[in-house]
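Look through the structure shown here, with attention to its aromatic rings, its charged side chains and its backbone geometry. The explanation below takes these topics in turn.

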Amino acid sequence: MLRRAALTGLAFLSVGLIAAATSAAADEGFGQGSNPGAPTQVRLVYEVDPNPPRTLGTGTAVDWSKPGLTLELLRLVGKRLDVDFVFQRVPWKRGLFMVQHGFADGLFHTSYVAEREPLLTYPRRPDGSIDDSRQIFSQSYVLYVKKGSPLRWDGKAFEALDGPVGAVASYAVADDLRRLGVQVEEERSTIINLRKLIEGRIAADAELQTMADPEIRRHPEIAVQIEKLEPPLRTKPYFLTFSHQFQDAAPALAERIWDAIASVNASPEFKAIVETYE
C-alpha cells in the first residue's frame, strides 16, 4: 500500500526546519498510531535523480503510472505485509541525514559501506555478515574519460591517472577511490561531474552506470566527447536500509520487509512487471 508523502520543499534548509517539517510524521511513527485497523506506516526516502529503470523521473515528484522498478517492488511488498510505505524524494546527503536523525525510517538504494554502520542497518545473516540475498538489485560504478585519454583501469589499478576523479557527493565510490590513493572531487550531481570532465577539470568521472548513461544520452554534446572504460570499477548489491531507531523499535518488521523483498524479487508477478520496463 502506498501514500504519497507530502513534499516539504524549503523545510529542509536547516536542521531545525527539517525537524519542524517532519515532526508530524515522527509523531505518527511507523506503527498504527491511534487507528489500530490502519496498515503499519514506514517512511522511506530516496534520491531525486533518476536511476532507470529502478527509479524514474527527476525531482521530488513521483509518477505512479511509471515510478520505476524499485517502487513497483516495494508496492508489492507493502501489499503482502499490509505496510503503508510513505515515499519522499530528497537529495542523497539529505536522505542520509534524515535516516540518521530519525526523520525517516529507511533509505534506498544503499550499498554496504562500513563507515555507514553508525547511520544505517542492513539485512544480515545469522553470522552477522551482510545478506546479499535480500538486496533490491545490483548495479555498477563505471569510469568515464575524455576520448583520447591515456587513462586505463584493469579492475585493480589505474594507469596514467594524472588528476582528480569526480564523484557524486556522499556516494560510496568516493571512499572506494580514496582507499586506492585517488584524489576525489565530489559534486552534487552527475551532470556537473560530466561537464567538469569535458572541460578538463577532472581526469575521469566515476558514476553509477544506470544514472550516468541516460544523462549522457540527453546531452549529445557531452556524449561525443567521452567514453566509458571497462571493466566496471565495482559491482555491488544495493539494499533498503533502516535507521537504527526503526531497527531497535521494530526489528521483526524490518526482517519481514527484507524477507519480502527477496520473495517478491523472485515472484512471477514482479518478473511480469520487469518486462513492462524493458
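In this predicted model, the structure holds 13 aromatic pairs. One of them joins Tyr-46 and Phe-87, whose ring centres are 6.4 Å apart and whose planes stand at 85°, an edge-to-face arrangement. Because Tyr-46 belongs to strand S2 and Phe-87 to strand S3, this pair ties together parts that are 41 residues apart in sequence. Both Tyr-46 and Phe-87 are buried. A further pair, between Phe-242 and Trp-258, is tilted, with 5.2 Å from centre to centre and 50° between the planes. This pair also links distant parts of the chain, since Phe-242 lies in strand S12 (residues 226-243) and Trp-258 in helix H9 (residues 251-265), 16 residues apart. Phe-242 counts as buried because its relative accessibility is 0%, under the 20% cut-off. Trp-258 is buried as well, with a relative accessible area of 0%.

Tyr-46 and Phe-87 also belong to a cluster. One aromatic cluster is formed by Tyr-46, Trp-64, Phe-85, Phe-87 and Phe-108.

Arg-54 lies over the face of Phe-137, at 4.5 Å from the ring centre. In the case of Tyr-277, the charged end of Lys-66 sits over the ring, 4.2 Å from its centre.

Next come the pairs of opposite charge. Side chains of opposite charge can pair when their charged atoms come close. The count of salt bridges in this model comes to 16. Among them is the bridge between Glu-72 and Arg-75, with 2.6 Å from N to O. Glu-72 and Arg-75 both lie in helix H2, 3 residues apart, which is about one turn of the helix. Glu-72 and Arg-75 are both buried.

Glu-117 and Arg-124 form another salt bridge, their closest N and O atoms being 3.2 Å apart. Are these two residues buried, partly exposed or exposed? Glu-117 is at 31% relative accessibility and therefore counts as partly exposed, and Arg-124, at 30%, also counts as partly exposed. In a further salt bridge, the side chains of Glu-199 and Arg-201 meet at 2.9 Å, N to O. Arg-201 is partly exposed, with a relative accessible area of 48%; that value falls between the limits of 20% for buried and 50% for exposed. Salt bridges also link Glu-115, Asp-176, Arg-179 and Arg-234 in a network.

The backbone is the last topic. Most residues other than glycine have a negative phi, and most peptide bonds are trans. Which peptide bonds are cis here? The bond from Pro-52 to Pro-53 is cis, with omega near 0°. Pro-53 is found in the loop between strand S2 (40-47) and helix H2 (69-81). The bond from Phe-108 to His-109 is also cis, with omega near 0°, and His-109 has its place in strand S4 (residues 106-110).

Positive phi values occur at Asp-82 and Ser-170. For Asp-82, phi is near 60°, and the residue is in the loop between H2 and strand S3 (83-90). Asp-82 counts as partly exposed because its relative accessibility is 34%. For Ser-170, phi is near 75°. Ser-170 lies in the loop between strand S9 (165-168) and helix H4 (172-179), and with a relative accessible area of 25% Ser-170 is partly exposed.

Technical notes. Residues are numbered from 1 along each chain as its sequence is written. This is a predicted model: local features need pLDDT of at least 70, side-chain atom pairs count only at pLDDT 80 or more; totals for chains, interfaces and linings use all residues. Side-chain values use heavy atoms; hydrogens and water are left out. Helices (H or I, at least four residues) and strands (E, at least two) are DSSP runs, numbered from the N terminus. Buried means under 20% relative accessible area, exposed over 50%, partly exposed in between (1.4 Å probe, protein chains only). A salt bridge is a side-chain nitrogen of Lys or Arg within 4 Å of a carboxyl oxygen of Asp or Glu. Rings of Phe, Tyr and Trp (its six-membered ring) pair if their centres lie within 6.5 Å; planes under 30 degrees apart count as stacked, over 60 as edge-to-face and the rest as tilted. A charge sits over a ring if NZ of Lys or CZ of Arg is within 6 Å of the ring centre and within 35 degrees of the ring normal.
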